[in-house]
Amino acid sequence: MNTNRRTAARAGAALAVVGVMTALAGCASSAPASDGSLDMYTWVSSESDRAQWESFVSLAQKEDPNLKISIDGPSFADYWTKVKTRLSGNNPPCLLTTQAARAQELSGLLMPLDDLIEKHDFDTSEFDESMLQGMTVDGTIRAIPYDAEPVVLYYNADLFAAAGLTPPGVEYTREQFIADAKALTTGEQKGLAISTGIFIPNAWTLADGVAAVDDDGGLALTEPDFVDQVQQFFDLVGAHGVAEAPEAADGSDVSQAAFTSGKAAMLIEGPWMYGTFDEAADFTMGISIVPSTSGEAAAMTAGSGFGIAQNCDDPDAAFEAITHLTATPVLEGQAETRGIVPSRAEAVPAWSNGKSPEAAEVVDALLGNATAQITTPTWNQVETLFTQYAVEGFRGDKTAEEILQTIANSVGE
Amino acid sequence: MASITNVGAARRVAAPTGGGKKGQGWVALAYLWPGLTGFVVFIVVPLVGSLVISLFEWPLFGSPTFIGVANYEKLFGDPTFYTVLFNTVVFAFVYTALNLALALGIALWLNTRLRFAGFWRVIFFLPAITPMVANALIWRLLLSQDGLVNSLLGGAGVEGPSWLSDSQFALASVIAMSVWQSFGYNVIVLSAGLGAIPKEILEASRMDGTTAWTRLRHIILPMLSPALFFTMTMTMIGAFQVFVQPQILTQGGPGEATNTFVLYLYRNGFVFDRLGYASALAWMLFLVVMLITALQFAGQRRWVNYDK
């Protein structure tokens with residue numbers, strides 16, 4: 001009787017193990033046939049994203065007809081999580097993309113490129129200095145940037161004209177900006193549209209040269225200068241009343257729609273939105289610098305680049321591919337068709353084609369004095385908490401000091 | 001040797017009839033196999049896996065480091081843990097109470113000799129089968145600063161608050177949306193419970209001259225108590241897992257006003273890259289839900305009546 005039970009139990013256990021093994025075998029992916037192509041893992045949120053990456057590859061193939069790159073990846077929002085699990089799985093890809101602002105977070109995944117740069121005689125001096133700085137982690141470059149996008153101030157030129165105001169140019173003081181915004185705030189219309197998150201406030205602080213991260217790479221959220229800058233930004237809503245307080249769950253589409261529909265006269269955003277805004281707006285649109293206390297142009301640059309996975313089998317081939325993907329004609333083509341501001345100075349004029357001379361001047365002035373948005377490995381937490389808490393800052397329920405202190409304590413740096 | 005012979009004999013006997021005691025293990029296993037596999041693969045393995053992960057500092061990429069119970073120690077020193085636990089408990093109790101009160105009221109109303117009762121039942125059930133993300137997005141538009149709710153209040157001369165940005169109203173807004181989303185399910189369950197109450201008992205009590213309130217208090221509610229207990233337990237367990245509503249409506253803000261346990265757990269695991277800490281949080285949630293459910297089962301003896 002006992003033996004029988006034991007046999008049954010053993011058989012049951014064996015069946016369970018076989019079942020688990022079968023299920024796990026079903027989960028494991030098999031290796032694709034090798035055809036000499038490189039795999040690139042990147043964000044592919046839409047057909048438009050896929051078209052952009054394919055356009056990169058097809059332009060690069062003009063440099064090297066033998067180049068083969070297959071593109072795969074999840075949406076932009078999911079990319080930052082899935083890239084980590086993708087590299088832990090079978091057949092990890094060799095080529096990755098990253099934003100400069102995420103380079104710290106992905107530093108464990110990205111191979112230092114300095115030796116490859118030297119070996120391939122790759123001239124980095126032709127690239128935007130701030131973006132290279134943004135892609136540098138622990139003193140080594142982790143990705144070669146393909147764009148260098150200085151955050152700008154978009155304005156509705158028609159509303160400025162109607163209010164009898166002079167539109168801003170390559171200089172814009174905070175004092176003048178607040179005076180203009182107040183004049184443009186009437187009834188339902190606001191002077192500025194604001195979105196949630198720390199990206200735009202960080203562009204505001206960097207316009208005055210104040211960074212969120214100190215020279216040692218630690219968070220400097222509670223430094224008096226940074227606190228003061230963020231409080232100034234909150235005050236645009238609470239004290240000056242020139243903007244609506246954003247709601248925590250509002251995406252940037254809400255503030256963008258407020259601007260393009262004419263409900264807000266100004267908006268701070270990246271230059272990659274120029275084409276989209278110009279198409280959506282039925283008014284004359286202009287761009288200026290993010291206002292600074294002195295009025296001089298100083299930009300926060302955002303941008304992305306190509307890197308190589310730590311566990312890539314053939315880094316030389318991957319780097320060779322990156323040199324083609326970031327060649328001047330490729331970046332010029334991207335600037336013309338996709339509206340990116342290229343990371344190579346000599347390709348920047350391609351962005352200006354079809355835009356007003358003032359827009360080109362503003363971008364040139366900003367790139368002349370730019371700092372990348374440098375972050376920390378815990379920046380995701382900072383971003384999440386700032387989105388949660390900033391609502392209270394804009395409403396005046398809490399001060400920037402209280403909020404930034406809370407965030408710093410939670411992040412624990 | 002004897003036992004081997006016995007086993008062989010048992011097999012010979014059991015196989016043709018299927019009724020022998022010694023062969024029942026195989027038959028039972030054959031029946032249990034599909035369900036058991038699912039239970040082991042999808043419940044037991046992840047459960048044990050998360051317990052193991054909770055003892056590590058475990059990033060999504062890279063090598064995990066064994067840290068013993070440090071994640072649990074950190075958890076008890078983390079002020080946000082207490083905040084999200086408090087928010088979740090408040091949400092669970094208020095939401096469950098409102099949900100059951102509303103569902104019971106509607107179920108009683110539908111149980112009167114109402115025309116088109118089936119139609120109304122479908123209407124109330126519709127939100128429960130609509131994707132919650134879609135519902136939450138619509139509610140976000142309704143409750144936004146210049147949304148429909150404040151426009152209507154404005155029309156009546158009342159200046160509406162910032163439902164989702166004011167910490168006094170944000171959690172209440174999330175609860176309101178959640179109750180609207182899910183009370184229809186409980187309406188169906190409680191309606192079925194009401195339908196099962198024998199008409200003869202109610203008629204007899206009517207002939208004895210009872211009032212509607214007396215019938216509700218002394219006949220309907222006691223006889224409905226098993227259904228009420230079921231809905232209460234399931235609603236409470238679901239409430240502790242609230243995630244989508246704060247994620248879509250408020251992102252957990254303003255401040256931590258609507259940050260809930262599962263939202264905090266999810267962010268730790270998949271946004272902040274701390275799978276170990278997220279697993280420790282998951283086990284704390286598991287224990288809290290187990291405790292609350294055990295208390296409910298312990299308390300049911302006092303008020304749930306299974307007599308017919």
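Colleague: Which residue does the disulfide join to A:Cys94?

Modeller: A quick reminder before we look: a disulfide is a covalent bond between the sulfur atoms of two cysteines. Keep in mind that this is a predicted model. Here the partner of A:Cys94 is A:Cys312, with the sulfurs 1.8 Å apart. The count over all chains comes to one disulfide.

Colleague: Which parts of chain A does the pair tie together?

Modeller: A:Cys94 sits in the loop between helix H3 (76–88) and strand E3 (95–99), and A:Cys312 in the loop between strand E13 (304–308) and helix H12 (315–325), so the bond ties together parts of chain A that are 218 residues apart in sequence. The torsion about the S-S bond is about 85°, so this disulfide is right-handed.

Colleague: Are those two cysteines buried or exposed?

Modeller: A:Cys94 is buried, at a relative accessible area of 11%. A:Cys312 counts as buried too, at 9%.

Colleague: On to charges. How many salt bridges does the structure hold over all chains?

Modeller: The general idea is that side chains of opposite charge can pair when their charged atoms come close. In this structure there are nine salt bridges over all chains. Start with A:Lys84 and A:Glu105, whose side chains meet at 2.9 Å, N to O. A:Lys84 belongs to helix H3 of chain A, while A:Glu105 is in the loop between E3 and helix H4 (114–119), 21 residues apart. Both residues are buried.

Colleague: Which residue of chain B forms a salt bridge with A:Lys84?

Modeller: That's B:Asp273, with the closest N and O atoms 3.5 Å apart. B:Asp273 lies in the loop between helix H12 (261–270) and helix H13 (275–303) of chain B and A:Lys84 in helix H3 of chain A, so the pair joins two chains. On accessibility, B:Asp273 is partly exposed at 22%, whereas A:Lys84 is buried at 3%.

Colleague: What about A:Asp316, which residue does it pair with?

Modeller: A:Asp316 forms a salt bridge with A:Lys119, and their closest N and O atoms are 2.9 Å apart. A:Asp316 is partly exposed at 27%, and A:Lys119 is exposed at 60%.

Colleague: Which residues do salt bridges with shared partners join into one network?

Modeller: A:Lys84, A:Arg102, A:Glu105 and B:Asp273.

Colleague: Let's zoom out to the domains. How is chain A divided?

Modeller: Into domain 1 (38–150 + 301–372) and domain 2 (152–300 + 376–411). Their centres, taken over C-alpha atoms, are 27 Å apart.

Colleague: How do I read the interface of these domains, and what area is buried between them?

Modeller: The size of an interface is often given as the accessible area lost when the parts come together. Between domain 1 and domain 2 of chain A that area is about 1,700 Å², with carbon and sulfur atoms giving 66%. On the domain 1 side, A:Pro150, A:Val362 and A:Leu366 lose the most area to domain 2, together 27% of what that side buries. As for contacts, 22 residues of domain 1 touch 18 residues of domain 2. Across this interface the rule finds zero salt bridges.

Colleague: Why is helix H8 of chain A largely enclosed by the rest of the structure?

Modeller: H8 covers residues 199–207, and eight of its nine residues are buried, so the helix is largely enclosed. Among the buried ones are A:Ile200, A:Trp204 and A:Leu206. What covers them includes helix H7 (174–184), helix H9 (224–238) and helix H16 (379–395), along with strands E10 (264–269), E12 (299–302) and E14 (370–372). Just after H8, A:Gly209 takes a positive phi of about 75°.

Colleague: And in helix H16, is A:Ala390 buried or exposed?

Modeller: A:Ala390 is buried, at 4% relative accessible area.

Colleague: Last stop, chain B. Where does UniProt place the "transmembrane region" feature?

Modeller: The unreviewed UniProt entry places it at residues 31–56, 84–110, 122–142, 169–198, 219–244 and 275–298 of chain B. Residues 84–110 are 100% helix, with end C-alpha atoms 37 Å apart. Residues 169–198 are 90% helix, and there the ends lie 44 Å apart. UniProt also puts "domain: ABC transmembrane type-1" at residues 85–296 of chain B, again from an unreviewed entry. Over that range the chain is 78% helix and 0% strand.

Technical notes:
Residues are numbered from 1 along each chain as its sequence is written. Chains are lettered from A and ligands numbered from 1 in the order in which they are written. This is a predicted model: local features need pLDDT of at least 70, side-chain atom pairs count only at pLDDT 80 or more; totals for chains, interfaces and linings use all residues. Side-chain values use heavy atoms; hydrogens and water are left out. A disulfide is a pair of cysteine sulfur atoms within 2.5 Å. Helices (H or I, at least four residues) and strands (E, at least two) are DSSP runs, numbered from the N terminus. Buried means under 20% relative accessible area, exposed over 50%, partly exposed in between (1.4 Å probe, protein chains only). UniProt positions are given in the numbering used here, feature names are shortened, and annotations may be inferred rather than shown by experiment. Domain bounds come from an automatic or database domain assignment. Contact means heavy atoms within 4.5 Å. Buried area is the accessible area (1.4 Å probe) that two parts lose on being put together, summed over both. A salt bridge is a side-chain nitrogen of Lys or Arg within 4 Å of a carboxyl oxygen of Asp or Glu.
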